[in-house]
Amino acid sequence: MMTVRSLTAFCFLSILSGCAFLSSDSSPSDGSASDKDASQETKNTSLFISEEILLASQSVSVPAGDEGLKRSIEAREAGINLDGASRTPLDDTIEPELKKQAEKARERLDSDEDAIADEETTVDNNLWLRLRGLFVLDHSVTDERVQQQLNWYVKHPSYIDRVVERGGRYLHYIVGEIEERGMPGELALLPIVESAFDPFAYSHGRAAGMWQFIPSTGKYFGLKQSWWHDQRRDVVESTDAALRYLQRLADRFDDDYTLALAAYNSGGGTVSIAIRKNTRQKLATDFWSLQLPAETRAYVPKLIALAKIIDDPKAYGIELPAIEDKPYFEIVDTESQIDLAQAAELAGVDIDEIYLLNPAFNRWATSPDGPHRLLVPVANAEQFRAGLAAIDPAKRVAWQNYRVVSGDSLIRIANKFGTTPSVIKQVNNMRGNLIRVDQRLLIPTARGGTSDYVLSQSQRLAKKQSSGQGQRLEHKVQSGDTFWDIARDNSVSVRQLAAWNGMAPGDPLLPGKTLVIWSKEGKASSTVVASRGRDKGMVRRVGYNVRKGDSLAAIASRFAVNVSDIASWNDLNTDRYLQPGQSLVLYVDIRNSP
């Protein structure tokens with residue numbers, strides 16, 4: 001029987017998740033959670049969540065994980081190209097909008113690795129040695145689940161190379177934070193399990209970043225989410241939040257970190273229920289003996305298997321890429337908002353390096369509300385500080401002095417300058433939406449052209465739009481248009497149409513945006529109105545398992561996409577009902593999904 005306290009906690013199920021909402025195949029043990037609870041999660045994020053309620057969660061996290069990277073490695077080793085294009089190892093699971101920065105990052109990683117290979121890394125300057133000294137979990141477990149994970153890693157040694165390449169920027173910082181807090185060193189490997197060290201990772205449970213926080217849990221731990229940035233992807237803030245959360249879970253389970261890890265994935269309430277069940281049956285209550293959701297049963301073994309390999313790579317025939325025990329980045333106070341292209345220029349680094357070290361930023365500049373800091377490579381930190389000191393803070397962001405004309409609205413002005421009405425109101429200290437003719441508005445704008453920002457791919461877009469075969473047509477989007485409709489009318493695929501225009505099928509189409517179509521039939525495309533679409537989208541491919549009571553409309557609303565797009569991505573007949581357990585593929589802009 002549930003106590004009043006546990007019943008109260010259970011009633012807040014939708015906002016309790018450690019990292020993501022309930023998945024279709026991982027229901028709470030008593031099966032009483034409803035889809036309505038999950039659908040209300042966004043609405044409830046503004047409610048105060050007490051620590052007791054948070055730790056009593058019974059929601060199972062299905063993180064972005066490393067399955068995509070695993071599939072790409074298996075495909076590559078089998079000689080299969082998953083998307084028909086050449087990809088560098090770094091971005092095997094990163095979406096097209098991030099490919100360019102990944103290629104550049106890979107080039108630098110290769111050069112860094114060559115330099116390290118030329119220098120003998122001393123024992124005292126080896127991050128792996130330091131990390132091994134922090135390991136405290138029991139690696140001697142012989143559970144079959146651990147062995148299964150080990151077998152895969154041994155068979156695919158390139159996997160370790162890939163995740164180390166991705167995590168090389170962040171691992172030293174994470175190890176230092178764990179050491180300072182006296183926590184198990186194995187936790188430094190948890191971002192591999194959660195996201196394969198992809199700082200832009202996004203799961204169908206709406207979890208974001210390396211540590212995979214959902215909105216409500218992120219807000220509980222102070223991770224701000226705005227038009228400008230999402231701190232669930234912030235390297236420093238999300239690491240602090242994840243370690244604080246894990247520490248609280250460990251306190252709850254008497255410093256048993258295997259149980260704390262299980263709770264991070266499935267919720268403390270789920271683990272507590274499993275413990276009570278085993279206690280009543282006079283069975284052992286350690287992690288390996290508990291009946292937990294399938295996702296959680298594989299979660300801890302994966303981490304233990306990774307730790308065993310890092311602890312003794314030679315025993316498994318694996319050679320770890322060298323990582324020196326020194327910081328990769330420094331945290332530099334900017335004291336004000338700054339254009340990221342200008343920051344890159346001042347630091348003497350490529351813009352892609354700024355985005356990879358500061359993945360929280362959605363736009364071309366840091367947030368005006370702070371925190372006013374940037375992570376930059378150690379070697380460039382002093383140069384960046386000197387450059388900042390020489391520039392007036394008022395000149396670190398470009399401003400457009402705009403005069404309101406007849407017919408203007410905040411929405412129209414925001415669309416014109418690639419911003420939002422709320423940003424314009426905030427900058428101009430406006431309380432309402434009313435504006436008048438001849439009124440002057442200050443609007444923050446990107447200092448450089450779109451090609452100066454890694455997430456604004458105008459030059460790449462122009463190249464893509466000129467590289468098709470057949471007759472080049474243009475279509476101006478009208479209200480109600482979808483990729484599916486336009487593709488069908490022009491006898492092309494949705495994926496082709498999106499690719500020609502530097503977009504993903506999940507990107508919204510704004511009225512007036514001009515799309516390029518390469519038609520083999522030479523069929524004229526209807527033209528209509530005008531707009532500027534979102535060319536800075538961070539789109540993620542998300543898998544979603546249909547749950548009882550789901551509808552296309554509900555799923556579309558949950559992920560901020562269109563019903564027709566979901567149908568086109570999955571070749572669905574919208575007149576037919578979805579079936580529980582059915583797998584769907586979604587293309588979600590991680591900045592706009594709640």
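Contact here means heavy atoms within 4.5 Å. Helices (H or I, at least four residues) and strands (E, at least two) are DSSP runs, numbered from the N terminus. The structure is a predicted model, in which local features need pLDDT of at least 70, side-chain atom pairs count only at pLDDT 80 or more, and totals for chains, interfaces and linings use all residues. Residues are numbered from 1 along each chain as its sequence is written, and side-chain values use heavy atoms, with hydrogens and water left out.

The protein has 26 helices and eight strands. Of its 594 residues, 55% count as buried (under 20% relative accessible area; exposed is over 50%, partly exposed in between; 1.4 Å probe, protein chains only). The accessible surface comes to about 25900 Å², by the Shrake-Rupley method with a 1.4 Å probe. Carbon and sulfur atoms hold 49% of that surface. Among contacts between residues at least 6 apart in sequence, 73% join residues at least 24 apart.

Helix α26 (residues 563-570) is mostly covered, with six of its eight residues buried. These are Asp565, Ile566, Ala567, Ser568, Trp569 and Asn570. They pack against α23 (483-489), α24 (494-500), α25 (552-559) and β8 (583-589). Just after α26, Asp571 takes a positive phi of about 55°.

Most residues other than glycine have a negative phi, and most peptide bonds are trans. Phe197 has a positive phi, near 60°. Its place is the loop between α11 (190-195) and α12. Phe197 counts as buried because its relative accessibility is 2%. Glu335 also has a positive phi, near 65°. This residue sits in the loop between β1 (329-333) and α17 (340-347). Glu335 counts as exposed, at 66% relative accessibility. A cis peptide bond joins Gly370 and Pro371, with omega about 10°. Pro371 lies in the loop between α18 (351-357) and β2 (373-377).

Ser216 belongs to helix α12 (residues 215-220). At 1% relative accessibility, Ser216 is buried. Its C-alpha atom is separated by 9.8 Å from that of Leu54, 162 residues apart along the chain.

On the surface, Arg252, Arg276, Lys277 and Arg280 gather in a patch of positive charge. Helix α15 (residues 268-280) gives the largest share, three residues. Arg252 lies in helix α13 (residues 235-252) and is partly exposed, at 33% relative accessibility. Patches are made of residues with over 30% relative accessible area and no salt bridge, like charges being joined within 9 Å and nonpolar side chains (Val, Leu, Ile, Met, Phe, Trp, Tyr) within 5 Å. A salt bridge is a side-chain nitrogen of Lys or Arg within 4 Å of a carboxyl oxygen of Asp or Glu.

Note on methods. Lys, Arg positive; Asp, Glu negative; His and termini not counted. Charge placed at Lys NZ, Arg CZ, Asp CG, Glu CD.
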